[in-house]
Amino acid sequence: MVNSYFLQVYLKKYVDLLFSSSILEENGLGVTHMVVRQLYLDRLKKYQDTEFVKVITGVRRSGKTFVLRMFRDYLQESGIASNQIIFINFESMKYQHLLTKEALYQYVTEHVVAHRKMYLFFDEVQRVVGWEDAINSFRVDFDADIYVSGSNASLLSGELATLLTGRMIEIPIYPLSFKEFLQFTQNTKPLELAFNDYVTEGGFPAVALVDDAEVKRSVLDGIYSSILLRDVNERAAIRNDGMLTQVATYLLSEIGNPISGNKISGVLQNEGWKVNPTSTLRYMGLLCDAFIFYPAKRYDLRGKNYLRSTAKYYAVDTGLRNVTLNRNYRDNFGHQIENIVYLELLRRGYRVDVGKYDNQEIDFVAKRGSEVAYYQVTMQLPTKDNREIGNLQALDDNYPKTLITANRMDVGEVAGIPIVHIVDWLLN
């Protein structure tokens, strides 16, 4: 078996080297191609030189460092001088002497160029004690465009939220979309076979960059372990890491199903664990804060209110789910593609809920500003009833409705509702 620790160290150095210039090179063949995560580059460009502190969030190893470096490269290509850019990755030993707010402030002060706009990048900034005060001081004391990143939702709460009310903008980073997956892997398979690979392996860049199946599994296992140990366990000082693992495993096995703290507690109690709904809900919250899971609340479309009883939880990556549960794309395929659609809607900037309309369930109610759209996701249309289409037809408003299917034979239109293949929808 591949040693997971040394594999992670090797791959981190390998991927960082490749990503430092935003270029991937196919060794031995002399073929070079640019890999640009255009969605995130465009979002960062949109907020460039605004007063907002740009807060880059996302699960560990989703590509936050790459995105920051990609934008730094863009700035330099746009004519920003290198001495106007300060880029610090706090996971590097090179900057371990800057892990207090005083040391960080002193360092930046010494490197600021007088009468020039500075571009400040702080990767994994939460490692700095009192970093919120330092960031706020940079905003007040210098002419600076500020970008910070972190692997926990706590980055957006607490003192930072108090200091920067109305002055920060979150830019979430997710694992690769299917379109990015094809770009990263240079996949030449038929699209639907490539999609099966995407469902099985997921979209972590470090996984997409290797070919060996065993190495892919080891990388995913290492990512999952590091998230639980570093971004959840250590940060929250959890004593019962076995219970944390059990809750995470249960959520992975139940993606797309309604979940409550009471339900998980009951299942674990039957397996002999001493747990109560309160502690279970705390573990679930910590796992969501680390971006392993995203909750989709149930929303009553008639009553215009959220239902508190249950929510659905979706994994940040189906590859992470499959390796942890020792499954592949064939296992619970319907809920896996539902998971992928949910993440893609988030990636496109929507807030996503699960809709309830009388006794009908709408898989996703997607909202972005004043825009609202409804989505149903299915492996294929049933032959004996029109339940999937019927759920959408029951809605008595004029917002767009779409049914996404994994069956090419279903594509078309029924009762004015477009039916699209998931691969086409992902690449649109």
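Predicted model: local features only at pLDDT ≥ 70, side-chain atom pairs only at ≥ 80, totals over all residues.
**View 1. Helix α14 and its cover.** Helix α14 runs over residues 318-325 and is mostly covered, with 6 of its 8 residues buried. The buried ones are Thr318, Gly319, Leu320, Arg321, Asn322 and Leu325. So what's sitting over them? Among the elements covering the buried residues of α14 are α8, α10 (213-236), α11 (241-253) and α15 (333-347).

**View 2. Helices α7 and α8 where they pack.** Here's α8 again, this time with α7: the pair is residues 178-185 (α7) and residues 191-201 (α8). Their axes are 11 Å apart, and the packing angle is about 100 degrees. Angles of 65 to 115 degrees count as roughly perpendicular, so that's what α7 and α8 are to each other. From α7, the contact uses Phe178, Phe181 and Leu182. From α8 come Leu191, Ala194, Phe195, Asp197, Tyr198 and Glu201. Sort the residues of this contact by type and you get 7 nonpolar, 2 charged and no polar.

**View 3. An open sheet of 5 strands.** Read across the sheet and the strand order is β4-β5-β6-β3-β7, with parallel pairing. In general, strands of a sheet pair through backbone hydrogen bonds. The edges are β4 (85-89) and β7 (168-172), each of which pairs on one side only. From one strand to the next, the twist averages 15 degrees.

**View 4. Zooming in on the β4 and β5 pairing.** β4 and β5 (residues 118-123) run in the parallel sense and are joined over 5 bridges. Which residue of β5 is the bridge partner of Ile85? Look for Tyr119.

**View 5. Helices α3 and α5 on the sheet.** Helix α3 (residues 64-77) packs on the sheet, where it touches β3 (53-57), β4, β5 and β6 (144-150). The direction of α3 makes about 165 degrees with that of β4. Helix α5 (residues 131-141) packs on the sheet too, touching β3, β5 and β6. Its reference strand here is β6: the direction of α5 makes about 165 degrees with that of β6.

Definitions and conventions
Residues numbered from 1 in each chain as written. Heavy atoms only, no water. Axes fitted to C-alpha atoms, helices over the stretch in contact; angles between N-to-C directions. Helix = DSSP H or I, 4+ residues; strand = E, 2+ residues; numbered from the N terminus. Parallel < 35°, antiparallel > 145°, perpendicular 65-115°, else oblique. Contact = heavy atoms within 4.5 Å. Nonpolar A, V, L, I, M, F, W, Y, C, P; charged D, E, K, R; others polar. Pairing = 2+ DSSP bridges. Buried < 20%, exposed > 50% of the residue type's maximum accessible area, 1.4 Å probe, protein only.
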